[in-house]
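Colleague: Please take one part of this model and go through it closely. I would like to hear about the aromatic rings, and then about what surrounds them.

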Amino acid sequence: MLDDVLSRARGLIGRWEDEDCGTVTVKEFCRYAAAVDDVGYLRRARAREAAGEPVEAPPLFLAATMSWEDGPAEEELRPDGLAVRESPCTQGLPVRQVHGGQAVRLTRAPLAGTRVTASRAVTSAERKHGRSGDFVLLGLTTRFTSPDGNELTAVDETIVVLDALPKKVTA
């Protein structure tokens, strides 16, 4: 199965897919801030909004958003708990994934009212061998841009793809 993942990933390297994230709002910024318990941001953002001043997104707002769509129903999640959308190159394969790391480049925080586009691509695919066996490392990059094409945030992440665990045999 790992050869299938590797083959699919190598076929996608460098192919960017764009997603319109819509226009970001103060409400979304504040929901994110509440989720990360940043009460100070909430107060400042609501005060700026009430004063008619521009409101910037919290620094990791874009990087922390896994999807701009409604989330899938629980029965639509993969066995490892991830949405199919968040599992590139593995659809229909008996594999599991773990997050291998992330680097975030913050260029410019979007202001409320900014339309944002997320562009995502597989950037690398490599088969490796470790103590627990073979695995594939997938490199992904997501670039968030404003309508003028300027980068707001970029996220480079590594996904570790492993064979699925064998099913337990019961007596």
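Modeller: Start with burial: a residue is buried under 20% relative accessible area, exposed over 50%, and partly exposed in between (1.4 Å probe, protein chains only). The model is predicted, so local features need pLDDT of at least 70 and side-chain atom pairs pLDDT 80 or more, while totals for chains, interfaces and linings use all residues. Numbering runs from 1 along each chain as its sequence is written, and side-chain values use heavy atoms, without hydrogens and water.

Now the rings. Phe61 is buried, at 4% relative accessible area. Phe29 is buried too, with 0%. How many aromatic pairs does the structure hold? There are 2. Rings of Phe, Tyr and Trp (its six-membered ring) pair if their centres lie within 6.5 Å; planes under 30 degrees apart are stacked, over 60 edge-to-face, the rest tilted. The ring centres of Phe29 and Phe61 are 5.1 Å apart, and their planes stand at 75 degrees, so this pair is edge-to-face. It links distant parts of the chain. Phe29 sits in helix H2 (residues 26-35) and Phe61 in helix H4 (residues 61-64), 32 residues apart. Helices (H or I, at least four residues) and strands (E, at least two) are DSSP runs, numbered from the N terminus.

Next comes Tyr32. Its ring and that of Phe61 have centres 5.9 Å apart and planes at 80 degrees, so they too are edge-to-face. Tyr32 lies in H2 and Phe61 in H4, so the pair ties together parts 29 residues apart in sequence. Tyr32 and Phe61 are both buried. Phe29, Tyr32 and Phe61 form one aromatic cluster.

Look at H2 itself. Its buried residues include Val26, Phe29, Cys30, Tyr32 and Ala33. Down the axis of H2, the buried residues fall within an arc of 160 degrees, so they line one face of the helix. That arc is taken from the directions from the helix axis to the C-beta atoms. Lys27, Arg31 and Ala35 are exposed on the other side of H2. What covers the buried residues? Helix H3 (39-50) and H4 are included in the cover, where contact means heavy atoms within 4.5 Å. After H2 comes Asp37, with a positive phi near 60 degrees.

Step back to the packing. A nonpolar core is a set of buried Ala, Val, Leu, Ile, Met, Phe, Trp, Tyr and Cys residues joined through side-chain atoms within 4.5 Å. The largest one has 19 residues. Phe29 and Phe61 are among the members that touch the most others, including also Tyr41, Val55, Leu62, Val116 and Phe144. H2, H3, H4, strand E3 (115-130) and strand E5 (151-163) each give two or more residues to this core. H2 supplies its largest share, 5 residues. Another core, of 14 residues, lies apart from it, with Leu2, Val122, Leu140 and Ile159 among its members.

A salt bridge is a side-chain nitrogen of Lys or Arg within 4 Å of a carboxyl oxygen of Asp or Glu. Arg115 makes one with Asp20, with closest N and O atoms 2.6 Å apart. Glu151 and Arg105 meet in another, at 3.0 Å, N to O. Glu151 is buried at 16% relative accessibility, and Arg105 is partly exposed at 42%.
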